[in-house]
Every structure is written in C-alpha cells, then in structure tokens.
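Biologist: Hi! Could you walk me through this structure in simple terms?

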Amino acid sequence: VIKRILPHLTQDPNNQSFIDMFLDEARIAARLSHPNIVHIFDLGQVDGDYYLALEYVDGITIEDMLERARDTGQPALPWPIAARIVSNVAEGLEHAHKAKDSADNPLLLVHRDISPSNIMVSWDGVAKVLDFGIAKVMALGGAKVKTGVGIIKGKVPYMSPEQIQGLDLDGRSDVFSLGVVLYEMTTGQRPFPGDTTGQLTVQITSREPNLPELMNPAFPRDLWPVLQRALSKAVDARYQSAREFKMDLEQFLSDQL
C-alpha cells in the first residue's frame, strides 16, 4: 500500500506540522517489527511528494466486521473471535509500548487512536494494528506523552479518561481504548454513548458502562471482570500493560474449553 501526502499539503508552508506527523509515522513504524502491526517497507520522496510503502493486509477492519454483523441482524461478533482478535492486538501493542531506539532508550510510544477502523484482520485470521500517524515518541528523559491544551487527537468515543482530559499518557491509555473496542465487538454498542465531545467526556470520565449481557444475552459473565479491569477509569487499577490484558484474555479463552 502506498500512503502519501496530497501534493497541495506539502506545498503549503502552513502544513509543516502535518508533514512532520507523516514523517513521524514513518520513523516510528520503521522501528516496529511484529506480526500484529502493519509493517512499513520504505519511506521516500518523489518531486516533493512524501510516501510510505506499507504492508498490504488482505482482510477487513473491525469497523467493517461490525457493520456486516449489524446488516445481518447479529447483535455483536461471536465473543471467542472478539477475544482472540483483541488478544492479538494487545500483543502488538505490547511490542510497540516496549520499543526502544538504537541506543536502547525506551521510545515511550503510545498509539492514541486504537479504534475499530485502525484494526484489521487478514483473511487468514491475523489481527494487525494500523496507523501510528498520531502516535508520539518522547525518547530520553522519561517524558510522557501529553496532548496539547484544546487539542484532541484520536477518536473521542474510544479515548481513555486521561486522554480526553489532555493529561499525561502512557501505554495504559491504549489498553483502555482496546477495552472499549472489545466491549463494542461483544455487545454491538459502545460503552460510553454520546453525540458530543462534552457528553462523551462525562461518560468516559464519570459513568460506568452498562452490563454487557443487557445488550447481548450471549455475553459470557467470566469475560466481564477482564473487560472491567481494562476499562477502569483509574490508571493504577487498570491493566498495567497490554500483555497483562492479553494474558487474562488467553486465560479466559482457555477456561472455556
């Protein structure tokens, strides 16, 4: 897949931040090599146009999977499939969160836009995280990622409480977002409804989601404690790493056999 910046954007000096974001994606992705993350093969420039050559994933996004399920009258995706996909994504995120630069310094990478449209599943069943375009790297000094005041990057319904409030972020923010995706995959509904950023902010920061079985009677009760922990509003009560989340999902799946 060739991903490029439209020519008129590169020609406008006011769009330098957009170009920088595009180049950041390339530099970040170049350091990530994992089967659950879309691979970048090349970064280049032709006559002033920047491009990325990315791995082509022959498959479907979670967003499209949910849309197809709704079109066929299904309330949600089958929970074993949903849990397995999210487990795979968590493994990819763990790799990204632990990534280091050439001097062995942590990149402190946070994706910040985990959502159904940024997760693909190939037709042979491999889940892959897409688009690290708004991810930020704060290498050296132990700095954390923080969104500027008044700036919201990512899709609001999937944001963590700390992200929507513009607070410091680490990999646990992505864990929360992935929990939101799993809730939607297994219930057919988002855990925090709202039509405006204000409504969503209240829901995400101070409201608890409805019990999943109220929306999908087939939802397994043993999955709820795992999902609750991923969706904890308190960062310290949440899974402390994507791998912890994955391990509990794998244990849940194993217990169902």
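This is a predicted model: local features need pLDDT of at least 70, side-chain atom pairs count only at pLDDT 80 or more; totals for chains, interfaces and linings use all residues.

Biologist: Okay, and which residues of H3 are buried?

Modeller: Those are Ile62, Met65, Leu66 and Ala69. They sit on the same side of H3 because they cover an arc of only 95 degrees around the axis. An α-helix has 3.6 residues a turn, so residues three or four places apart point the same way.

Biologist: What do the buried residues of H3 pack against?

Modeller: They pack against strand E4 (59–61), H4, E5 and H6.

Biologist: And which exposed residues are on the face turned away?

Modeller: Arg68 and Asp71 are the exposed residues there.

Biologist: Switching topic: how many residues are in the largest nonpolar core?

Modeller: It has 46 residues, and Ile85, Leu178 and Phe245 have the most contacts inside it. Several elements each supply at least two residues, including helix H3 (62–71), strand E5 (119–122) and helix H9 (242–255). H6 gives the most, with 8 residues.

Biologist: What does Phe245 touch?

Modeller: Leaving out residues up to four places away in sequence, Phe245 touches Val86, Val175, Leu178, Gly179, Leu182, Val226, Ala230 and Tyr239. There is also a second, separate core of 13 residues, with Ile19 and Leu23 among them.

Biologist: Last one: how many cavities of 30 Å³ or more are there?

Modeller: The search of the whole structure finds 1. Its lining has 10 residues, and the closest to its centre are Arg112, Asp113, Ile114, Lys155 and Tyr158. By class, the lining has 3 nonpolar, 4 polar and 3 charged residues.

How values were computed: Residues are numbered from 1 along each chain as its sequence is written. Side-chain values use heavy atoms; hydrogens and water are left out. On a 1 Å grid over the protein atoms alone, a cavity is a set of points where a 1.4 Å probe fits but cannot get out, and a pocket is an open set with protein on both sides within 12 Å along at least five of seven lines; lining residues have an atom within 4 Å of a point. Grid points are joined across faces, edges and corners, and a volume is the space filled by probe spheres set on the points. Ala, Val, Leu, Ile, Met, Phe, Trp, Tyr, Cys and Pro count as nonpolar, Asp, Glu, Lys and Arg as charged, and the others, Gly among them, as polar. A nonpolar core is a set of buried Ala, Val, Leu, Ile, Met, Phe, Trp, Tyr and Cys residues joined through side-chain atoms within 4.5 Å. Buried means under 20% relative accessible area, exposed over 50%, partly exposed in between (1.4 Å probe, protein chains only). Helices (H or I, at least four residues) and strands (E, at least two) are DSSP runs, numbered from the N terminus. Contact means heavy atoms within 4.5 Å. The arc is that of the directions from the helix axis to the C-beta atoms.
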